Amino acid sequence: MTDTVASLAVEPRLNRRQAAKIRTRQKVLDAARSLFAERGYEPATIRDIAKGAGMSTGAVFANFQDKAELFEAVLTEDMTRLAEVVEAAAPEGEPVRQRLVSALTAGYQSSLDQLPLFQAIVARSWFQPLAAEMRARAATKNLLLAIGGILQKAVAKGELSKDADIRLLVELIWDAYLSNYRRAAYDEWDAQALSDHMGKQIDVILAGALATR
């Protein structure tokens, strides 16, 4: 590789102003996440988010158009991290049920301390504009792919039927996973209780897709 080609392969360095803008944006995101996790979406104000970040409301609006856009940015970051947690927690070589339960239990364990944030995610999914819904679906794409990957491996291993509807199974598992946050919020279920219940839900969901022996 020539020096010219090598130089093109290196990512351009950020100047001081660009680096400062990135740091400011991240401070706003961190403050917003903390407030959304503490209060939920509606009670969290831009003024309080700015105060938590140690800056003016103008600095917040310089990075985000409004609170909805800020919330979506927090959602995107958190769903990306959650997908990594879920994917890493699925033990290789274990039966599909155990892989799914282990993966989703890790998801609960990593997110229950931000319960109001997840309540806000579920609540807003019913009342947000179509464009916002499409962006929210894009944010959860990697998480759904992680669940789908576990199921695809189960098909390849002969645990699930070759004609199993993977897309439908992913949708049912994800909907069940999200709905269980209500039990944590209103019935004070901990991660273990959620895990046990998720296991029962997975048994029902996968029952019709298991390969006949």
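Tutor: W174 and Y177 both sit in helix α10 (residues 166-179), and because they are three residues apart there, about one helical turn separates them; helices here are DSSP runs of H or I with at least four residues, strands are runs of E with at least two, and both are numbered from the N terminus. The model is predicted, so local features need pLDDT of at least 70 and side-chain atom pairs count only at pLDDT 80 or more, while totals for chains, interfaces and linings use all residues. Residues are numbered from 1 along each chain as its sequence is written, and side-chain values rest on heavy atoms, with hydrogens and water left out.

Both W174 and Y177 are buried, where buried means under 20% relative accessible area, exposed over 50% and partly exposed in between, for a 1.4 Å probe and protein chains only. Together with Y108 and Y181, W174 and Y177 form one aromatic cluster.

The structure holds seven aromatic pairs, a pair being rings of Phe, Tyr or Trp (its six-membered ring) with centres within 6.5 Å, called stacked if the planes are under 30 degrees apart, edge-to-face if over 60 and tilted otherwise. One of these pairs joins Y41 and F71, whose ring centres are 5.1 Å apart and whose planes stand at 75 degrees, so the pair is edge-to-face. Since Y41 belongs to the loop between α2 and α3 (46-53) and F71 to helix α5, this pair ties together parts that are 30 residues apart in sequence. Y41 is buried at a relative accessible area of 11%, and F71 is buried at 3%. Returning to W174 and Y177, their ring centres are 5.6 Å apart and their planes meet at 15 degrees, so that pair is stacked.

The axes of α2 and α5 come within 10 Å and cross at roughly 85 degrees; axes are lines fitted to C-alpha atoms, for helices over the stretch in contact, and angles run from 0 to 180 degrees between N-to-C directions. The two helices, α2 and α5, are therefore roughly perpendicular, the class for 65 to 115 degrees, with under 35 counted as roughly parallel, over 145 as roughly antiparallel and the rest as oblique. On the α2 side the contact (heavy atoms within 4.5 Å) is made by residues including R25, L29 and F36, and on the α5 side by residues including K67, F71 and R81. The residues of this contact of α2 with α5 divide into eight nonpolar, one polar and six charged, with Ala, Val, Leu, Ile, Met, Phe, Trp, Tyr, Cys and Pro taken as nonpolar, Asp, Glu, Lys and Arg as charged, and the others, Gly among them, as polar.

Helix α5 (residues 67-88) also packs with helix α9 (residues 141-156), at an angle of about 15 degrees and with the axes 8 Å apart, so α5 and α9 are roughly parallel. Here M79, L82, A83, V86 and E87 of α5 meet N142, L143 and A146 of α9, and the residues of this contact divide into six nonpolar, one polar and one charged. Elsewhere in helix α9 is L145, which is exposed, with a relative accessible area of 51%.
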